[in-house]
Amino acid sequence: MTVMEQRGAYRPTPPPAWQPRMDPAPLLPDAEPYRVLGTEAAAKADPELLRTLYAQLVRGRRYNAQATALTKQGRLAVYPSTTGQEACEVAAALVLKEQDWLFPSYRDTLAVVARGVDPVEALTLLRGDWHTGYDPYEHRVAPLCTPLATQLPHAVGLAHAARLKGDDVVALAMVGDGGTSEGDFHEALNFAAVWQAPVVFLVQNNGFAISVPLAKQTAAPSLAHKAVGYGMPGRLVDGNDAAAVHEVLSDAVRHARAGGGPTLVEAITYRVDAHTNADDATRYRGDAEVETWREHDPIQLLERELTARGLLDEAGKQAARDAAEAMAADLRAHMNQDPALDPMDLFTHVYAEPTSQLREQRDQVRAELEAEAETEPEGGTHR
Ligand SMILES: Cc1ncc(C[n+]2csc(CCOP(=O)(O)OP(=O)(O)O)c2C)c(N)n1
Ligand SMILES: [Mg+2]
């Protein structure tokens, strides 16, 4: 019998009607970013929480301004500012319990500080040192992570391990819009959903990956929609509305803690400053766009709400500003002291046995430093 005859004799039974493995509808994000401030939902927001958020936002903005000034004075190597994104930074830290873990990206120094890490220690890496500066275990804050999205699989691993051990731990991992195009983002979300790991992914969609606008980064309807493909809920929130971000993240953390698995939260926000002090944002975006976002400012949104509800007066605003000034003065005083840095330390702790490339780079840096020392005027330093 030929193959064709065999095929003809084959009478397959029709397949059963196809069903999705789960109903995708509950996973879909809202059509509009969720808002609280200026809406009816604001009346239900806890006044104490709103006041705390306000004080933290004011402090956060001052921290950004001070750190940026320190880069101009040569006291800080680089600073990725979160001016305009303070609501996301602060809410991410405040929704976690003491035993939970925060996994920040390089932009999230403010979240790290809001979590309780010393403001000076939090800048160690950005100062050019080889180590994180703070003890990750003390505050349960992973190191600021520069390779895009690589903090996400780490967060999933930690959350999954905690669950296997029966520990009550949730991990909250932060990433930018550009980071969602990385393979690590895909792998982290996929594993998180398969394992139902207690992890919350917070994407701060600030419109740009350095100079690359979101439209050139993704064709997805929204970044929150990406959640559905992995089988987890996606939430869309106004990232400049501190009360809304706090509520959405709190819900996601509670859901994860209760064994409900991961959530992807996309916060729509805007990076008001340049990518870092080393970037010129006027080359890829106009002033009008920045001005539009300044009118949707996280501090002003909250200030308007608090004032309307009689929860904030001039004295309250001044108290928040004074506390922020005191923090900035302290930061300046500490950062103006010369750190004891040896550039050669950069090479010491990479591998137990340095590779040939690493040895080559180390020798090159050493030679450059020695050459510089010879040409430097009396009393000069490399610091
Ligand atoms: C794996 C990797 N590739 C490239 C870079 C260089 N890089 C640093 S920041 C950045 C843009 C990231 O944009 P986004 O994720 O939107 O975060 P944002 O800076 O806006 O907070 C890029 C491409 C990097 N740090 N890591
Ligand atoms: Mg971005």
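Is β6 mostly covered or mostly open, and how many of its residues are buried?

Reply: Strand β6 is mostly covered, and 5 of its 5 residues are buried. This is a predicted model, and what follows describes that model. The strand takes in residues 234-238.

The two sides of β6 can be taken in turn. G234, L236 and D238 point one way, R235 and V237 point the other way, and every one of these residues is buried.

Next comes the partner of β6. Strands β6 and β7 pair in the parallel sense, with 5 bridges between them. Within this pairing, L236 stands opposite E266 in β7. The chain gets from β6 to β7 by way of helix α9, residues 242-257, and this β-α-β crossover is right-handed.

β7 itself covers residues 263-268 and is also mostly covered, with 6 of its 6 residues buried. On one side of β7 are T263, V265 and A267, on the other are L264, E266 and I268, and both faces are covered.

F201 stands opposite L264 in β7.

The protein chain has 14 helices and 7 strands. Of its 383 residues, 39% count as buried. For contacts between residues at least 6 apart in sequence, 76% join residues at least 24 apart. The C-alpha atoms fill a box of roughly 95 × 65 × 45 Å along the principal axes.

The chain is divided into domain 1, made of 25-278 + 285-335, and domain 2, made of 345-375. The centres of the two domains, taken over C-alpha atoms, are separated by 36 Å.

There is also a ligand. Ligand 1 has 14 residues around it, and those that come nearest are L148, G176, G178, G179 and A209. The shell divides into 5 nonpolar, 6 polar and 3 charged residues.

Conventions. Residues numbered from 1 in each chain as written. Chains lettered and ligands numbered in written order. Predicted model: local features only at pLDDT ≥ 70, side-chain atom pairs only at ≥ 80, totals over all residues. Domains from an automatic or database assignment. Near = placed C-beta within 6 Å. Nonpolar A, V, L, I, M, F, W, Y, C, P; charged D, E, K, R; others polar. Helix = DSSP H or I, 4+ residues; strand = E, 2+ residues; numbered from the N terminus. Buried ≥ 20, exposed ≤ 12 C-beta atoms within 10 Å, placed from the backbone. Contact = placed C-beta atoms within 7 Å. Pairing = 2+ DSSP bridges. Right-handed = clockwise from strand over helix to strand, strands pointing away.
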